[in-house]
Amino acid sequence: MLTSRSVLPALALAAALASPAPAPAQSAAQRQAAAKVQLPPPTYKPEFGTMWTFDAPPIDYWRRTYGFAPDQQWLDHVRLASVRLPNCSASFVSAKGLVLTNHHCGRGCTASSSPPDSNYVVTGFAARTLADEKKCAGLYVDQLQSIQNVTDRVRGAITGGSPAEQAAQRTTIINQIQTECISRRSSIVRW
């Protein structure tokens, strides 16, 4: 059974976690003023090479280097077609949930789906119908459905005077955001 699940925007959450907490010596007014500082929008950083996130694609670089400038519709299509298996990446290649990935990513599932008299890793297997598909117990894919920058929300929730209070507040707001994200999952698709 393959399951498509939304994923908490890990990059924005990681940015919030990595952000330094206000120094304990600051007044409450200073902390609130610092929390209201507007951050510039995410942009392409050359030191990342060709790695990029869906909220900061290097469109100018692509335009200059390849003569290619995708629109938001193209980016959304690619994001929704991209999925993550445990420790591997993959892509949807059909509307019915068929996923394409590298051989080594599915090798364990392929081996465990083999009947006692055959080894599908060696011989291969092709299902004639959807009903003939082999199921991989416990295998799922994650699909990034949206990205939301939660940095300002996390920073705004940190008002404690001591580092311990700030850490507890940061943990509380991050747990709250994760709970909200999980409850907003529109559906879990199963095939």
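Hi everyone. Residues are numbered from 1 along each chain as its sequence is written, and side-chain values use heavy atoms, with hydrogens and water left out. Because this is a predicted model, local features need pLDDT of at least 70 and side-chain atom pairs count only at pLDDT 80 or more, while totals for chains, interfaces and linings use all residues.

Let's start inside. The largest nonpolar core has seven residues: V83, L85, C88, A90, F92, C105 and V141. By nonpolar core I mean buried Ala, Val, Leu, Ile, Met, Phe, Trp, Tyr and Cys residues joined through side-chain atoms within 4.5 Å. Buried is under 20% relative accessible area, exposed is over 50%, and partly exposed is in between, with a 1.4 Å probe and protein chains only. Two elements, β2 (82-85) and β3 (88-92), each give two or more residues to this core, and β3 gives the most, with three. A second, separate core has six residues, including V154, I173, I174 and I177.

A polar atom of its side chain lies 3.0 Å from the backbone oxygen of G160.

W74 sits in helix α4 (residues 72-81); helices here are DSSP runs of H or I, at least four residues, and strands are runs of E, at least two, numbered from the N terminus. W74 is partly exposed, at 35% relative accessible area.

Thanks, everyone!

Notes: A polar contact is a pair of N or O atoms within 3.5 Å; within protein, one must be able to donate a hydrogen and the other to accept it, and residues adjacent in sequence count only if both atoms are side-chain atoms.
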